[in-house]
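Colleague: I would like to learn how to read side-chain features in a model. Can we go through one together?

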Amino acid sequence: MSVYEKIIEQFPIVSYEEDRERDGRLEKIYDKKVKNLADGVVYKKSLYRKGNGQDVWCYITEVSPKANVSFAVSAGPLKKIAPVLSRAEEFDGNVLFAMNAGFFHFFNNGDRTPYGIQIVRGVVLAEPGRERLDMSTFFFGVTKNGQAIIADSDAYFDGLKNDLEYAVGGGLMLIKDGRITLHQGGDQHPRTAVGIAKDGTVILMCCDGRSEISAGFTYGDIIDCYINLGYEIENLLNLDGGGSTTVVLRGENGLFIDNIPCNAPNPEFVGTDKEFVSCARPVSDTVLIVEKD
């Protein structure tokens, strides 16, 4: 039995159409911000409305396979966590965008180590066991030749391990090999995800939640959001969300937080406010988009 078949046993697949019929389809209300971070890299801050009438702020970055940028992962020593903004500031190179990524042991006196794979500059900091499931099975990675991939632990141990320059562990697959795999569960929360389209476009998504101005996404909402972008999505991976969800951009005065972390006491704070920055949860690792030059 493959690792994916074991996941399905543990987290049964449910009907995406029935889920959307029950919860309603997402509708984009408007784009508050559209910014070209680099040639072939488009960032959008958009307001969506859910089928139940609740609004959600969503942050989507589309990276063309021809874009002159690289993906990278920033992480410190095991058990050391830091905010996304700090991770981005410490990373070498001109960081254009950063967001939280892999799950890690945070609650119940967790030791802060990542659940799954973590590779930085070709160095394996953590890896899943073959038999471990859930938040260590799938991962987003970058090969040594710069190709972004989404794969599972079977592929990792069967040949990918030595070809990865960067990698972070993910949660459940929501689209796998072009097929929707909506798993049971997944309430409204702040969410983070990464998808790869058939044409090689990489799409990073975060959404705010648990606040008066943004309700958050379910698993079905994430799938709906990606499908509505107009790409033929090949693979879509749910990443760590909740209080970890953080979006960092480069502005004229340096890096700043562009979303509203759900721990922020006031949604009107701006990303440069010290009190606002302190509300962003420290995380185990961060995915970055960096100019190649």
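**Salt bridges, rings and a loop residue**

Modeller: Asp55 and Arg49 make a salt bridge here, with 2.6 Å between the closest N and O atoms. Keep in mind that this is a predicted model.

Colleague: How many salt bridges does a search of the whole structure find?

Modeller: The search finds 16.

Colleague: Back to the opening pair. How do I read the accessibility of Asp55?

Modeller: Compare the percentage with two cut-offs: under 20% is buried, over 50% is exposed, and in between is partly exposed. Asp55 has a relative accessible area of 24%, so Asp55 is partly exposed. Arg49, at 33%, is partly exposed.

Colleague: Which residue forms a salt bridge with Lys144?

Modeller: Glu165 does, and the closest N and O atoms are 3.5 Å apart. Look at where the partners sit. Lys144 is in the loop between strand 8 and strand 9 (148-152), while Glu165 is in strand 10 (residues 164-169), so the bridge ties together parts 21 residues apart in sequence. Lys144 is partly exposed at 46% relative accessibility. Glu165 is partly exposed too, with a relative accessible area of 24%.

Colleague: Now Glu232. Where is Glu232 found?

Modeller: Glu232 is in the loop between helix 5 (219-228) and strand 15 (233-239).

Colleague: What does Glu232 touch, not counting residues up to four places away in sequence?

Modeller: Ala197 and Lys198. With Lys198 there is also a salt bridge, its closest N and O atoms 3.7 Å apart. The cut-off for that is 4 Å. Lys198 lies in the loop between strand 13 (191-197) and strand 14 (202-207), and Glu232 in the loop between helix 5 and strand 15, so this pair ties together parts 34 residues apart in sequence. Both residues, Glu232 and Lys198, are exposed.

Colleague: On to rings. How many aromatic pairs are there?

Modeller: The count is eight. For geometry, read the angle between the planes: over 60 degrees is edge-to-face. Tyr4 and Phe138 have planes at 75 degrees and ring centres 6.1 Å apart, so the pair is edge-to-face. The partners come from distant parts of the chain.

Colleague: What geometry do Phe71 and Phe140 show?

Modeller: That aromatic pair is edge-to-face, with 85 degrees between the planes and 5.9 Å centre to centre. Phe71 is in strand 4 (residues 69-75) and Phe140 in strand 8, so the pair ties together parts 69 residues apart in sequence. Phe71 counts as buried at 10% relative accessibility. Phe140, at 2%, is buried.

Colleague: Which residues do ring pairs link into a cluster?

Modeller: Phe139, Tyr156 and Phe157.

Colleague: Which charged residue lies over the face of Tyr4?

Modeller: Lys176, at 4.8 Å from the ring centre. Another case is Phe106: the charged end of Arg281 sits over that ring, 4.4 Å from the centre.

Colleague: What does its side chain join in a polar contact?

Modeller: The side chain of Asp111, at 2.7 Å. Leaving aside neighbours within four places in sequence, Thr113 is in contact with Lys79, Phe104 and His105.

Note on methods. Residues numbered from 1 in each chain as written. Predicted model: local features only at pLDDT ≥ 70, side-chain atom pairs only at ≥ 80, totals over all residues. Heavy atoms only, no water. Helix = DSSP H or I, 4+ residues; strand = E, 2+ residues; numbered from the N terminus. Contact = heavy atoms within 4.5 Å. Phe/Tyr/Trp six-rings, centres within 6.5 Å; stacked < 30°, edge-to-face > 60°. Buried < 20%, exposed > 50% of the residue type's maximum accessible area, 1.4 Å probe, protein only. Lys NZ or Arg CZ within 6 Å of the ring centre and 35° of its normal. Salt bridge = Lys/Arg side-chain N within 4 Å of Asp/Glu carboxyl O. Polar contact = N/O pair within 3.5 Å; in protein donor to acceptor, adjacent residues only side chain to side chain.
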